[in-house]
Amino acid sequence: MLPLSLLKTAQSHPMLVELKNGETYNGHLVSCDSWMNINLRDVICTSKDGDRFWRMPECYIRGSTIKYLRIPDEVIDMVKEDAQAKSRNRAEMNKNRGGNSSQNQNQRAPRSGNRNNFGVRSGPSGGGLGNGGMRGGNAGQGNRPPPQGNKLRK
């Protein structure tokens, strides 16, 4: 599970945030962004040594200062359920998409001529070099030697 999906699911749930400087913030998550900056409401801040407390109606914490987050187990269970539901939906979409792709491949317009080793077409739609799309040799043969029966090459 990805951390940002966990945070998005944890909105309006209580959490504890410890910063790199040792302070802790207990509150309810209001929002988060892609840099893990978070807004908390009804916050109680505890000093590094644990002897001072502050109550704040709201707080903004920059994501780069966060050491770790403690989130309730119920939020983690919700994220796991969401991930399972999404994987089931993806499997159904891929199954449905697989059935239609063979029909689409049969509807393609055929191409005329063959490509040689240089990606140049030979045959009726031309190659632009005047002699079947190649300089010298047989048209459509590329740099291959002519076939010599059933001999195995070594």
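Two strands are said to pair if DSSP finds at least two bridges between them. Strands themselves (E, at least two residues) and helices (H or I, at least four) are DSSP runs, numbered from the N terminus. In β5, the bridge partner of E18 is Y68, and this pairing belongs to the sheet described below.

The model is a predicted one, in which local features need pLDDT of at least 70 and side-chain atom pairs count only at pLDDT 80 or more, while totals for chains, interfaces and linings use all residues. Residues are numbered from 1 along each chain as its sequence is written, and side-chain values use heavy atoms, with hydrogens and water left out.

**The sheet**

Five strands form an open sheet in the order β4-β3-β2-β1-β5, with antiparallel pairing. At the edges stand β4 and β5, each with a single partner strand, so one side of each has no neighbour in the sheet. From one strand to the next the twist averages 30°; such angles run from 0 to 180 degrees between the N-to-C directions of axes, which are lines fitted to C-alpha atoms, for helices over the stretch in contact.

Strand β1 covers residues 14-19, and five of its six residues are buried, so the rest of the structure largely encloses it. Here buried means under 20% relative accessible area, exposed means over 50%, and partly exposed lies in between (1.4 Å probe, protein chains only). Five bridges join β1 to β2 (residues 24-32), and the two run antiparallel. Four residues lie between these strands in their hairpin, where G22 takes a positive phi near 100°. One of the facing pairs sets L16 opposite R70 in β5.

Strands β3 and β4 pair in the antiparallel sense over eight bridges, with R41 opposite E58 in β4. Six residues separate β3 and β4 in their hairpin, and G50 in the turn has a positive phi of about 85°.

**The nonpolar core**

A nonpolar core is a set of buried Ala, Val, Leu, Ile, Met, Phe, Trp, Tyr and Cys residues joined through side-chain atoms within 4.5 Å. The largest one here has 19 residues, and those with the most contacts inside it are M15, V17, Y25, I38, L40 and I61. Two or more residues come from each of α1 (3-9), β1, β2, β3 (38-46), β4 (53-61) and α2 (73-106). The largest share, four residues, is that of β3. In soluble globular proteins, nonpolar side chains tend to be buried together.

Contact means heavy atoms within 4.5 Å. Leaving aside neighbours within four places in sequence, M15 is in contact with several residues, including L7, Y25, I38, L40 and I71.

E18 lies in strand β1 and stands opposite T24 in β2. At 13% relative accessibility, E18 counts as buried. Apart from neighbours within four places in sequence, E18 is in contact with E23, T24, I66, K67 and Y68. The side chains of E18 and Y68 make a polar contact of 2.9 Å. A polar contact is a pair of N or O atoms within 3.5 Å; within protein, one must be able to donate a hydrogen and the other to accept it, and residues adjacent in sequence count only if both atoms are side-chain atoms.

The structure holds two salt bridges, each defined by a side-chain nitrogen of Lys or Arg within 4 Å of a carboxyl oxygen of Asp or Glu. They are listed here.

| Salt bridge | N to O distance |
|---|---|
| K67 and E18 | 3.6 Å |
| R41 and D42 | 3.2 Å |

K67 lies in β5 and E18 in β1, so their pair ties together parts that are 49 residues apart in sequence. K67 is exposed, at a relative accessible area of 54%. In the other pair, R41 is partly exposed at 35% relative accessible area, and D42 is partly exposed at 48%.

**S47 in the loop**

S47 is placed in the loop between β3 and β4 and is buried, with a relative accessible area of 5%. Its side chain joins that of D49 through a polar contact of 2.7 Å. Beyond neighbours within four places in sequence, S47 is in contact with G22, E23, R52 and W54. The C-alpha atoms of S47 and Y25, 22 residues apart along the chain, are separated by 9.2 Å.
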